[in-house]
Amino acid sequence: VQVFRNEENLGFSRASNQGLRLARGRYLLLLNPDAFVAPETLRLMVEFMDARPEVGSATCRLELPDGSLDVACRRLFPTPLRSLFRVTLLSKLLPRHPAIAQYNLTYLDEWQEAEIDQPCGAFMMVRADVVESVGLLSERYFLYCEDTDWAYRIKHAGWRIMYTPVTTVRHMKRQSSRLDPARAIRHFHSGMRIFYEEHYRAQYPLAVTVLVHTAITMREWLQLASVGLRRLGPSRFGVPGNRPTATSPGSER
């Protein structure tokens, strides 16, 4: 085991790439420290990848602490239309509709193997050969969307990406972002802007691009306002607000 202690928070992509550049073997694995593998998880995932040479990346079933599926573990790419259905909550109102619930694929049986566009970076196994053709994580992203960008490049290089429920990982989810939610919100929306500009802008007319950036900005402001109100609310009644610890988001990733 080699341990790196950086003097500053480099962000998820840069820090992960430090390890990925030194990794040896047929497969690379992104694994968050708030994701807990079962004893057989790595063996079963390696066997799955060994049997499917056309698969460039794969993930398994990620469960939340209550045992339910973490729907972020199997997704399609966030096109403007899919994002619209998600932001307007239509995909939650109609989770079984194949056209509206595409982003999180909630209309599929969660215990069935499926080809997907992007796994969650909390547990993302990648064939080492893939790196030779698509490179490592893009260091333009500080936190969030770097796994989406990597999956996009892997998929467009001709590799398949799969979800398999052959094993389960327990994902505690958002443990670090809760410590500084405002900063996490800014990084998340920054990642959305970078991803759209890099992969989608050329595919859509200017009007769509303006609408997308406006929607991202409005969503960011609303979430930041919500965080601010939660902090200020209790203090008005003489109760100390819930002030997050001063730490860098993504430090647990």
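## Terms and basis of the model

A salt bridge is counted here where a side-chain nitrogen of Lys or Arg lies within 4 Å of a carboxyl oxygen of Asp or Glu. The structure is a predicted model, in which local features need a pLDDT of at least 70 and side-chain atom pairs count only at pLDDT 80 or more, whereas totals for chains, interfaces and linings use all residues. Residues are numbered from 1 along each chain as its sequence is written, and side-chain values use heavy atoms, with hydrogens and water left out.

The pLDDT, the predictor's confidence in each residue on a scale from 0 to 100, averages 90 over the chain, and 91% of the residues score at least 70. Over residues 236–253, however, the pLDDT is below 50, although this stretch has 37 contacts in the model beyond near neighbours in sequence, a contact being heavy atoms within 4.5 Å. Where pLDDT is low, the predicted coordinates should not be read in detail.

## Overall fold

The chain has 8 helices and 6 strands, assigned as DSSP runs numbered from the N terminus (helices H or I, at least four residues; strands E, at least two). From the N terminus on, the order of these elements is α-β-β-α-β-α-α-β-β-α-α-β-α-α. The radius of gyration of the chain, at 19 Å, is close to the 18 Å that the globule rule gives for 253 residues, so the chain is as compact as a globular protein of that length; the radius is taken over C-alpha atoms, and the rule is 2.2 Å times the number of residues to the power 0.38.

Along the principal axes, the C-alpha atoms fill a box of roughly 60 × 45 × 35 Å. Among contacts between residues at least 6 apart in sequence, 78% join residues at least 24 apart.

## Burial and the nonpolar core

Buried residues make up 44% of the 253 residues in the chain, where buried means under 20% relative accessible area, exposed over 50%, and partly exposed in between (1.4 Å probe, protein chains only). A nonpolar core is a set of buried Ala, Val, Leu, Ile, Met, Phe, Trp, Tyr and Cys residues joined through side-chain atoms within 4.5 Å. The largest such core holds 49 residues, of which Leu20, Leu30, Met49, Leu62, Met124, Trp150 and Ile154 touch the most other members.

Leaving aside neighbours within four places in sequence, Leu30 is in contact with Phe12, Ser16, Leu20, Gly121, Ala122, Phe123, Met124, Leu137 and Trp150. Phe123 is also one of the contacts of Val37, together with Leu31 and Val169, when neighbours within four places are again set aside. Val37 is found in strand E2 (residues 35–37) and counts as partly exposed, with a relative accessible area of 36%.

## Salt bridges

A search of the whole structure finds 19 salt bridges. In one of them, Asp117 pairs with Arg82, the closest N and O atoms being 4.0 Å apart. This pair links distant parts of the chain, 35 residues apart, with Asp117 in the loop between strand E4 (114–115) and strand E5 (123–127) and Arg82 in helix H3 (residues 80–87). Both Asp117 and Arg82 are buried.

Glu54, which counts as partly exposed at 31% relative accessibility, forms a salt bridge with Arg52, with 3.2 Å between the closest N and O atoms. Glu197 and Arg201 form another, at 3.0 Å between the closest N and O atoms.
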